[in-house]
Amino acid sequence: MGDIPTTFTGWVSFLVERFGAQFAKGTVTTLEIAFLGTLFGCLLGFLVGIVQSLTVDQHSSPLMRVLVKGLKAIVAVYVEVFRGTPMMVQAMVIYYGSAQAWGIDLNPFISGILVLSLNTGAYMAESVRGAITGIDPGQLEGAYAIGFTHVQAMLRVVIPQAFRNLIPQIGNTFISAIKDTSVLNVISVTELYFIGRGVSSAYYRFFETYFIISMIYLFLTFVTSRLLGIMEKHLDGAKDYELVVDDLAEVA
């Protein structure tokens, strides 16, 4: 018992030294789920956003009108359900419900990615829809004029511009996903918070354990936000360019 620390800093050092490997494993799992959940969620959000932006006119066939209305109804229900319920409840329903209702034994890690992807996709869908509607309608009309279909115009003209406008939103979504993975401990995903629960119960040092975890979360979100800021500045280009009027006059 003489090796047991008696101070706060002593306990923090002791827990880091003794359980550092577990903390590192939980951190890696957290980043993996956050990255994959954000990636798949954004792809799903763009797909839903495209469906929400579909239009039909008087020249469309009755089958096409019914199909578009049906797709819009499905994605509207999906968005409302996942935006209107807590992610913790969604995780319980998907993980335990799939086993009880359909006999599907999902891996907790896969379930965590699925839940985060569906949740992220529902929130990104509204952002994507806003970004798409914010693009100048003249660009979409121009794409139609040169023979593009709606899907081609979306993929080649509108979506690239919408994606550029959504980069800050995607970055913030990833940062939120890092923190939101903590709720997945309810389905036994061995992410950082789940590891912390086990470590804290070993010596009943809850304050020191969750202090360590909070510092890890803070480090992850701080570094991510700074990297995203650097990427945004790089995409914006240089701010100190000079407009050469003489060259423009010669070209004219």
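Is Arg205 buried, partly exposed or exposed? Arg205 is partly exposed, at a relative accessible area of 28%. The model behind this value is predicted.

## Fold

The protein has nine helices and zero strands. Read from the N terminus, the order is α-α-α-α-α-α-α-α-α. The radius of gyration is 24 Å, well over the 18 Å that the globule rule gives for 252 residues, so the protein is more spread out than a compact globule.

The box that holds the C-alpha atoms gives another view of the extent. Along the principal axes, this box is roughly 85 × 60 × 20 Å.

## Packing and contacts

How much of the protein counts as buried? The share is 37% of the 252 residues.

Sequence separation comes next. Take the contacts between residues at least 6 apart in sequence: 77% of them join residues at least 24 apart.

## Surface and charge

The charged side chains number 15 positive and 19 negative. The centres of these two sets lie 10 Å apart.

## Salt bridges

How many salt bridges does a search of the whole structure find? It finds two. One joins Glu126 to Arg129, and the other joins Arg205 to Glu208.

### Glu126 and Arg129

In this pair the closest N and O atoms are 3.0 Å apart. Both residues sit in helix α4, which spans residues 108-133. They are three residues apart there, so about one helical turn separates them.

Is Glu126 buried, partly exposed or exposed? Its relative accessibility is 25%, so Glu126 counts as partly exposed. The cut-offs behind that label are 20% and 50%. Arg129 has a relative accessible area of 36% and is also partly exposed.

### Arg205 and Glu208

Here the side chains meet at 2.8 Å, N to O. Arg205, the residue of the opening question, is partly exposed at 28%.

Glu126 and Arg129 are each partly exposed.

Definitions and conventions
Residues numbered from 1 in each chain as written. Predicted model: local features only at pLDDT ≥ 70, side-chain atom pairs only at ≥ 80, totals over all residues. Heavy atoms only, no water. Helix = DSSP H or I, 4+ residues; strand = E, 2+ residues; numbered from the N terminus. Rg over C-alpha atoms; globule rule 2.2 N^0.38 Å. Buried < 20%, exposed > 50% of the residue type's maximum accessible area, 1.4 Å probe, protein only. Contact = heavy atoms within 4.5 Å. Lys, Arg positive; Asp, Glu negative; His and termini not counted. Charge placed at Lys NZ, Arg CZ, Asp CG, Glu CD. Salt bridge = Lys/Arg side-chain N within 4 Å of Asp/Glu carboxyl O.
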